[in-house]
Amino acid sequence: MIQEQRIVVLNAKGGCGKTTVAANLASYYAHSGYKTALLDYDPQGSATFWLSRRPANLPKIQAIPAYKYNHSVTRSWFLRVEPKTERVVVDSPAGLEMSGFTQLLDKASAILIPVLPSDLDIHAASHCIADLLLLAKQHKRRNRIAVIANRVRKNLLVYQRLERFLHSLGIPFVTSLRDTTLYVQAAEQGLGIHELHSYRKAEDLQNWQPLIHWLDALDSEDRRNEHSA
(Lines give C-alpha, C1' and ligand atoms only; values in the text may rest on other atoms or scores of the structure.)
Protein backbone atom coordinates (compact mmCIF):
# COMPACT_ATOMS: atom_id res chain seq x y z
CA MET A 1 0.00 0.00 0.00
CA ILE A 2 1.30 3.48 -0.94
CA GLN A 3 2.02 5.69 2.09
CA GLU A 4 1.17 9.32 1.33
CA GLN A 5 3.00 12.02 3.26
CA ARG A 6 1.21 15.41 3.17
CA ILE A 7 3.35 18.43 4.09
CA VAL A 8 1.71 21.83 4.62
CA VAL A 9 3.86 24.96 4.36
CA LEU A 10 2.18 27.93 6.01
CA ASN A 11 2.59 31.31 7.63
CA ALA A 12 -0.19 33.88 7.88
CA LYS A 13 2.24 36.61 6.80
CA GLY A 14 3.02 36.93 3.12
CA GLY A 15 6.53 37.24 1.72
CA CYS A 16 8.14 34.72 4.07
CA GLY A 17 9.11 32.29 1.31
CA LYS A 18 6.34 29.70 1.62
CA THR A 19 6.28 29.06 -2.13
CA THR A 20 10.07 28.76 -2.32
CA VAL A 21 10.06 26.15 0.45
CA ALA A 22 7.08 24.27 -1.01
CA ALA A 23 8.43 24.25 -4.57
CA ASN A 24 11.91 23.15 -3.55
CA LEU A 25 10.54 20.44 -1.28
CA ALA A 26 8.31 19.13 -4.09
CA SER A 27 11.20 19.16 -6.55
CA TYR A 28 13.43 17.35 -4.06
CA TYR A 29 10.91 14.54 -3.67
CA ALA A 30 10.27 14.27 -7.42
CA HIS A 31 14.02 14.31 -8.06
CA SER A 32 14.40 11.53 -5.45
CA GLY A 33 11.92 9.28 -7.24
CA TYR A 34 8.74 9.91 -5.26
CA LYS A 35 5.47 10.46 -7.08
CA THR A 36 4.74 14.03 -6.04
CA ALA A 37 1.89 16.55 -6.14
CA LEU A 38 1.92 20.27 -5.31
CA LEU A 39 -1.31 21.90 -4.08
CA ASP A 40 -1.26 25.65 -4.62
CA TYR A 41 -3.72 27.51 -2.37
CA ASP A 42 -2.02 30.90 -2.76
CA PRO A 43 -4.19 33.27 -4.88
CA GLN A 44 -1.04 34.55 -6.60
CA GLY A 45 -0.55 31.10 -8.10
CA SER A 46 3.25 31.32 -7.90
CA ALA A 47 3.77 27.60 -7.35
CA THR A 48 1.53 26.80 -10.31
CA PHE A 49 3.46 29.30 -12.45
CA TRP A 50 6.74 27.72 -11.35
CA LEU A 51 5.46 24.31 -12.41
CA SER A 52 4.41 25.69 -15.80
CA ARG A 53 8.10 26.46 -16.41
CA ARG A 54 9.31 23.02 -15.37
CA PRO A 55 11.17 21.24 -18.21
CA ALA A 56 9.35 18.21 -19.60
CA ASN A 57 12.43 16.00 -19.22
CA LEU A 58 12.43 16.35 -15.42
CA PRO A 59 10.41 14.12 -13.07
CA LYS A 60 6.77 15.17 -13.16
CA ILE A 61 5.08 17.04 -10.31
CA GLN A 62 1.29 17.08 -10.42
CA ALA A 63 0.01 20.66 -10.26
CA ILE A 64 -3.25 21.28 -8.40
CA PRO A 65 -4.21 24.98 -8.55
CA ALA A 66 -6.45 24.87 -5.48
CA TYR A 67 -6.76 28.66 -5.46
CA LYS A 68 -8.91 28.63 -8.60
CA TYR A 69 -11.44 25.98 -7.67
CA ASN A 70 -13.91 25.27 -10.48
CA HIS A 71 -17.43 25.13 -9.01
CA SER A 72 -18.67 22.98 -11.89
CA VAL A 73 -17.09 19.97 -10.16
CA THR A 74 -16.96 18.85 -6.54
CA ARG A 75 -14.11 20.29 -4.49
CA SER A 76 -12.88 16.84 -3.47
CA TRP A 77 -12.66 15.81 -7.15
CA PHE A 78 -10.86 19.03 -8.09
CA LEU A 79 -8.28 18.59 -5.32
CA ARG A 80 -7.68 14.87 -5.82
CA VAL A 81 -4.14 13.63 -6.31
CA GLU A 82 -3.21 10.97 -8.81
CA PRO A 83 -3.25 7.33 -7.66
CA LYS A 84 -0.09 6.10 -5.90
CA THR A 85 1.07 9.62 -5.05
CA GLU A 86 3.64 9.41 -2.26
CA ARG A 87 4.34 13.06 -1.41
CA VAL A 88 1.86 15.95 -1.38
CA VAL A 89 3.23 19.43 -0.67
CA VAL A 90 0.73 22.19 0.13
CA ASP A 91 1.52 25.88 -0.44
CA SER A 92 -0.97 27.72 1.78
CA PRO A 93 -2.22 31.28 1.22
CA ALA A 94 -1.03 34.34 3.14
CA GLY A 95 -3.52 35.72 5.64
CA LEU A 96 -5.22 32.38 6.11
CA GLU A 97 -7.62 31.91 8.98
CA MET A 98 -6.52 28.83 10.92
CA SER A 99 -10.10 27.95 11.79
CA GLY A 100 -10.95 27.72 8.09
CA PHE A 101 -8.10 25.34 7.40
CA THR A 102 -8.75 22.79 10.13
CA GLN A 103 -9.56 19.98 7.71
CA LEU A 104 -6.39 20.61 5.71
CA LEU A 105 -4.23 20.84 8.83
CA ASP A 106 -5.81 17.76 10.39
CA LYS A 107 -4.75 15.70 7.36
CA ALA A 108 -1.17 17.02 7.46
CA SER A 109 1.66 14.62 8.14
CA ALA A 110 3.84 17.66 8.87
CA ILE A 111 3.42 21.44 9.08
CA LEU A 112 6.36 23.71 8.20
CA ILE A 113 6.50 27.40 9.13
CA PRO A 114 9.15 29.50 7.36
CA VAL A 115 10.11 32.69 9.24
CA LEU A 116 12.26 35.55 7.96
CA PRO A 117 14.94 37.23 10.10
CA SER A 118 13.22 40.56 10.72
CA ASP A 119 11.52 41.95 13.81
CA LEU A 120 8.27 42.42 11.90
CA ASP A 121 8.29 38.80 10.72
CA ILE A 122 9.18 37.48 14.16
CA HIS A 123 6.25 39.41 15.65
CA ALA A 124 3.83 38.18 12.97
CA ALA A 125 5.08 34.59 13.23
CA SER A 126 4.58 34.53 16.99
CA HIS A 127 0.85 35.11 16.56
CA CYS A 128 0.57 32.61 13.70
CA ILE A 129 2.40 29.93 15.67
CA ALA A 130 0.35 30.57 18.82
CA ASP A 131 -2.89 30.11 16.86
CA LEU A 132 -1.53 27.01 15.16
CA LEU A 133 -0.34 25.43 18.41
CA LEU A 134 -3.75 26.01 19.99
CA LEU A 135 -5.40 24.36 16.99
CA ALA A 136 -2.82 21.58 16.91
CA LYS A 137 -3.46 20.83 20.57
CA GLN A 138 -7.07 20.16 19.70
CA HIS A 139 -6.14 18.08 16.66
CA LYS A 140 -3.14 16.29 18.26
CA ARG A 141 -0.64 17.62 15.70
CA ARG A 142 1.75 19.60 17.90
CA ASN A 143 4.58 17.11 17.40
CA ARG A 144 4.19 17.50 13.63
CA ILE A 145 4.98 21.25 13.52
CA ALA A 146 8.44 22.66 12.79
CA VAL A 147 9.90 26.06 11.97
CA ILE A 148 12.47 27.05 9.35
CA ALA A 149 14.57 30.21 9.35
CA ASN A 150 14.40 31.42 5.76
CA ARG A 151 16.56 33.80 3.69
CA VAL A 152 19.07 34.18 6.49
CA ARG A 153 22.45 35.81 6.76
CA LYS A 154 23.93 34.34 9.90
CA ASN A 155 26.38 37.20 10.45
CA LEU A 156 23.57 39.68 11.13
CA LEU A 157 22.30 40.46 14.65
CA VAL A 158 18.67 40.04 13.60
CA TYR A 159 19.40 36.39 12.78
CA GLN A 160 20.59 35.87 16.34
CA ARG A 161 17.27 37.30 17.60
CA LEU A 162 15.40 35.01 15.23
CA GLU A 163 17.35 31.99 16.50
CA ARG A 164 16.52 32.83 20.11
CA PHE A 165 12.85 33.25 19.21
CA LEU A 166 12.62 29.97 17.31
CA HIS A 167 14.41 28.02 20.04
CA SER A 168 11.96 29.44 22.59
CA LEU A 169 8.88 28.01 20.89
CA GLY A 170 9.11 24.47 22.22
CA ILE A 171 8.74 22.97 18.72
CA PRO A 172 11.52 21.79 16.38
CA PHE A 173 13.64 24.46 14.73
CA VAL A 174 14.92 22.19 11.99
CA THR A 175 17.13 24.30 9.72
CA SER A 176 18.17 27.68 8.32
CA LEU A 177 18.04 28.34 4.57
CA ARG A 178 20.43 31.04 3.46
CA ASP A 179 19.67 34.18 1.46
CA THR A 180 21.00 33.39 -2.01
CA THR A 181 20.08 34.15 -5.62
CA LEU A 182 20.39 30.44 -6.45
CA TYR A 183 16.75 29.93 -5.45
CA VAL A 184 15.72 32.66 -7.88
CA GLN A 185 17.83 31.14 -10.66
CA ALA A 186 16.30 27.73 -10.05
CA ALA A 187 12.72 29.10 -9.96
CA GLU A 188 13.20 30.93 -13.26
CA GLN A 189 13.91 27.56 -14.88
CA GLY A 190 11.16 25.61 -13.12
CA LEU A 191 13.77 23.80 -11.03
CA GLY A 192 14.43 23.21 -7.37
CA ILE A 193 17.81 23.92 -5.85
CA HIS A 194 18.58 20.18 -5.81
CA GLU A 195 18.18 20.13 -9.60
CA LEU A 196 20.11 23.32 -10.34
CA HIS A 197 23.47 22.89 -12.05
CA SER A 198 25.72 25.10 -9.93
CA TYR A 199 28.95 24.48 -8.06
CA ARG A 200 27.77 27.02 -5.46
CA LYS A 201 24.81 24.98 -4.17
CA ALA A 202 26.73 22.60 -1.86
CA GLU A 203 26.04 24.66 1.28
CA ASP A 204 22.36 24.93 0.38
CA LEU A 205 21.98 21.19 -0.12
CA GLN A 206 23.58 20.66 3.27
CA ASN A 207 21.10 23.12 4.84
CA TRP A 208 18.17 21.07 3.49
CA GLN A 209 19.34 17.81 5.03
CA PRO A 210 18.09 18.38 8.62
CA LEU A 211 14.61 19.17 7.26
CA ILE A 212 14.58 16.08 5.03
CA HIS A 213 15.75 13.90 7.93
CA TRP A 214 13.01 15.29 10.20
CA LEU A 215 10.33 14.61 7.59
CA ASP A 216 11.73 11.11 6.92
CA ALA A 217 11.56 10.35 10.65
CA LEU A 218 7.88 11.34 10.73
CA ASP A 219 7.21 9.18 7.69
CA SER A 220 8.92 6.20 9.33
CA GLU A 221 6.85 6.75 12.48
CA ASP A 222 3.64 6.80 10.43
CA ARG A 223 4.62 3.56 8.71
CA ARG A 224 5.32 1.85 12.04
CA ASN A 225 1.97 3.03 13.41
CA GLU A 226 0.18 1.77 10.32
CA HIS A 227 1.77 -1.68 10.57
CA SER A 228 0.98 -1.94 14.28
CA ALA A 229 -2.64 -0.82 13.88
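Which residues does Ser92 touch, not counting residues up to four places away in sequence? Ser92 touches Val9, Leu10, Asn11, Lys18, Tyr41 and Asp42; contact means heavy atoms within 4.5 Å.

## Basis

This is a predicted model: local features need pLDDT of at least 70, side-chain atom pairs count only at pLDDT 80 or more, and totals for chains, interfaces and linings use all residues. Residues are numbered from 1 along each chain as its sequence is written, and side-chain values use heavy atoms, with hydrogens and water left out.

## Ser92

Ser92 lies in the loop between β4 (87-91) and α4 (102-106). Helices (H or I, at least four residues) and strands (E, at least two) are DSSP runs, numbered from the N terminus. Ser92 counts as buried because its relative accessibility is 0%. Buried means under 20% relative accessible area, exposed over 50%, partly exposed in between (1.4 Å probe, protein chains only). The Ser92 side chain reaches the backbone oxygen of Val9 at 2.7 Å.

## Tyrosine cluster

One aromatic cluster is formed by Tyr28, Tyr29 and Tyr34. Rings of Phe, Tyr and Trp (its six-membered ring) pair if their centres lie within 6.5 Å; planes under 30 degrees apart count as stacked, over 60 as edge-to-face and the rest as tilted. The count is two aromatic pairs. Tyr28 and Tyr29 are edge-to-face because their planes stand at 65°, with ring centres 5.4 Å apart. Tyr29 and Tyr34 also pair edge-to-face, at 5.5 Å centre to centre and 90° between the planes.

Tyr29 is buried, at 1% relative accessibility. Tyr34 is partly exposed, at 27%.

Definitions and conventions. Polar contact = N/O pair within 3.5 Å; in protein donor to acceptor, adjacent residues only side chain to side chain.
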